[in-house]
Amino acid sequence: MKLKHTAAWVGITAAATLAVSACGADGAKTAAKAVDNADKIMAVLSRATDRTEQLGSAQVKVSTDLGTGTPIAMDGTYSWGDGLAFDAEMDTAAAQMQRLQDSPKTRVLFVDGAYYYDVDPQPSGPLAGKEWMKIDSSAIFGDKGSQAFSGSSGGGNPAAAMRGLKYASNVKDLGRETVDGQSTTHYRAVVDKAHMGKFKDAYGGDNLMGSVTGGADSMTMDIWVGSKDLPVRLKQAIGTVKVTMDFQKFGATAPVKAPPAAQTGDLTDQVKKAQEQQG
């Protein structure tokens, strides 16, 4: 089981400024129009970012394609106002959890910086008689990366992803499209290699940034904004990694609570040791 891949949906972000240079009168008019269009796009994306941040939670369907096989689908509630938390179900086979869960779906919680997987009680070992497996996020991202991912300003939540839009080198309005039955406007923002260093400020730091980007030369975010200045879909791509988030409903969601300690087996130390041996 590749816990590094199954333990988190990858929040990849992109952002926006447009620099245009032109020569001559016609070129100046074209440049001015391009700047004006970019300003209008950024105003829309800024409103969507603010609205997403203010509402603080949503029902979300997430598909993470790591470029290594079947995409991992997760469906549940996410909150980010007080630090990232979610309660979702994912495909057991795609997440390579079959050895621990017979059901085709596996429930996974993220709360207070730790992952909790609903597993079948095992006959022996740390999960003997336990219904939940716990892995602290520091086992996946390291201590510094875990703090960045889990915090309210870190890269693990949609609002933080959208805040990164201010770093894009290219933004486009791709027109009207219907997504999940809603009328939306499709925008695209690209962060080039020259600006990727700034991207880490929005995402949460060098450690987490490096774990996501690898050697990619650019990042692309497609965002479909609906009538209420809220994202209907986010599609983020960097290198071979692609993440799609469909927002079903924004607003109040039930608080995510950690399972009882008596029902939980903690595998954090084992995962850290395994990571060290692989590294």
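Two strands count as paired if DSSP finds at least two bridges between them. Strands are DSSP runs of E with at least two residues, numbered from the N terminus. The model to be toured is predicted: local features need pLDDT of at least 70, side-chain atom pairs count only at pLDDT 80 or more, and totals for chains, interfaces and linings use all residues. Residues are numbered from 1 along each chain as its sequence is written, and side-chain values use heavy atoms, with hydrogens and water left out.

**First stop: β10 and β11**

Please select Gly239. This residue lies in the turn of the hairpin formed by β10 and β11, has a positive phi of about 60°, and belongs to a turn with two residues between the strands. Extending the selection to residues 241-250 shows strand β11, which runs antiparallel to β10 and is joined to β10 by six bridges. Within this pairing, Ile238 has Val241 as its bridge partner.

**Second stop: β9 and β10**

Next, select residues 219-225 and 231-238. These are strands β9 and β10, antiparallel and joined by seven bridges.

The strands concerned, β8 and β9, pair in the antiparallel sense over seven bridges. Tyr187 in β8 is also the bridge partner of Asp173. Selecting residues 170-179 brings in strand β7, which pairs with β8 in the antiparallel sense over eight bridges. The hairpin of β7 and β8 has two residues between the strands, and Asp180 in the turn shows a positive phi of about 50°.

Select His186, which is placed in strand β8 (residues 182-191). Is this residue buried or exposed? His186 is buried, because its relative accessible area is 6%, and the limits are under 20% for buried, over 50% for exposed and partly exposed in between (1.4 Å probe, protein chains only).

Now display the side chains of Glu177 and Trp224. The His186 side chain makes a polar contact with that of Glu177 at 2.8 Å and another with that of Trp224 at 3.5 Å. A polar contact is a pair of N or O atoms within 3.5 Å; within protein, one must be able to donate a hydrogen and the other to accept it, and residues adjacent in sequence count only if both atoms are side-chain atoms.

Technical notes
Helix = DSSP H or I, 4+ residues; strand = E, 2+ residues; numbered from the N terminus.
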